[in-house]
Amino acid sequence: MIDSQTLIDAEKLVLSQAMDGTQAFTDFRDKGITRQTFSLPAHQQIWPALETIAKTGGTEAAQPVIAH
């Protein structure tokens with residue numbers, strides 16, 4: 001069984017990689033990652049923001065997303 005801290009660390013890793021660029025986000029999305037994949041409410045809010053960035057061309061910096 002995976003402990004909660006390991007799960008949270010994995011979520012952080014996925015989100016940080018997804019913030020590095022639209023392609024990384026697309027790769028994760030294509031593998032089935034959705035908002036519901038994440039256990040923390042904050043992570044569940046970040047994912048849709050990344051979806052919006054990807055839909056609009058992904059040119060915005062990820063820093064405003066992190067501020068949430």
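This note goes through the predicted model point by point, from the overall layout to single residues.

1. Basis. Residues are numbered from 1 along each chain as its sequence is written, and side-chain values use heavy atoms, with hydrogens and water left out. The model is predicted: local features need pLDDT of at least 70, side-chain atom pairs count only at pLDDT 80 or more, and totals for chains, interfaces and linings use all residues.

2. Layout. The chain has 4 helices and 0 strands. Helices (H or I, at least four residues) and strands (E, at least two) are DSSP runs, numbered from the N terminus. Along the sequence the pattern reads α-α-α-α.

3. Of the 68 residues, 26% count as buried. Buried means under 20% relative accessible area, exposed over 50%, and partly exposed in between (1.4 Å probe, protein chains only). Contact means heavy atoms within 4.5 Å. Among contacts between residues at least 6 apart in sequence, 56% join residues at least 24 apart.

4. Packing of α1 on α2. Helix α1 (residues 4-19) and helix α2 (residues 22-30) pack at about 135 degrees, and their axes are 6 Å apart. That angle makes α1 oblique to α2. Angles under 35 degrees count as roughly parallel, over 145 as roughly antiparallel, 65 to 115 as roughly perpendicular and the rest as oblique. The axes are lines fitted to C-alpha atoms, for helices over the stretch in contact, and angles run from 0 to 180 degrees between N-to-C directions.

5. Who makes that contact? From α1 come V14, Q17 and A18; from α2 come A24, F25 and F28. By class, the contact of α1 with α2 has 5 nonpolar, 1 polar and no charged residues. Ala, Val, Leu, Ile, Met, Phe, Trp, Tyr, Cys and Pro count as nonpolar, Asp, Glu, Lys and Arg as charged, and the others, Gly among them, as polar.

6. The two sides of α2. Its buried residues are F25, T26 and F28. They cover an arc of only 165 degrees around the axis, which puts them on the same side of α2. The arc is that of the directions from the helix axis to the C-beta atoms. The cover over the buried residues of α2 includes α1 and α3. The face turned away carries the exposed residues Q23 and D30. After α2 comes G32, with a positive phi near 100 degrees.

7. G21 lies in the loop between α1 and α2. G21 has a relative accessible area of 25%, so it is partly exposed. G21 and A54 are 33 residues apart in sequence, yet 8.5 Å apart in space, C-alpha to C-alpha.

8. Length of α3. Helix α3 (residues 41-55) has 15 residues, so at 1.5 Å a residue it should span 21 Å. The expected span is 1.5 Å times one less than the number of residues. The end C-alpha atoms of α3 are 22 Å apart, which agrees.

9. The two sides of α3. Buried here are H43, I46, W47, L50, I53 and A54. Their arc around the axis is only 120 degrees, which puts them on the same side of α3. P41 and K55 are exposed, on the face turned away from that buried side. Just after α3, G57 takes a positive phi of about 110 degrees.

10. Is H43 buried or exposed? H43, in helix α3, has 7% relative accessibility and therefore counts as buried. Not counting residues up to four places away in sequence, H43 touches I8, E11, K12, L15 and F38.
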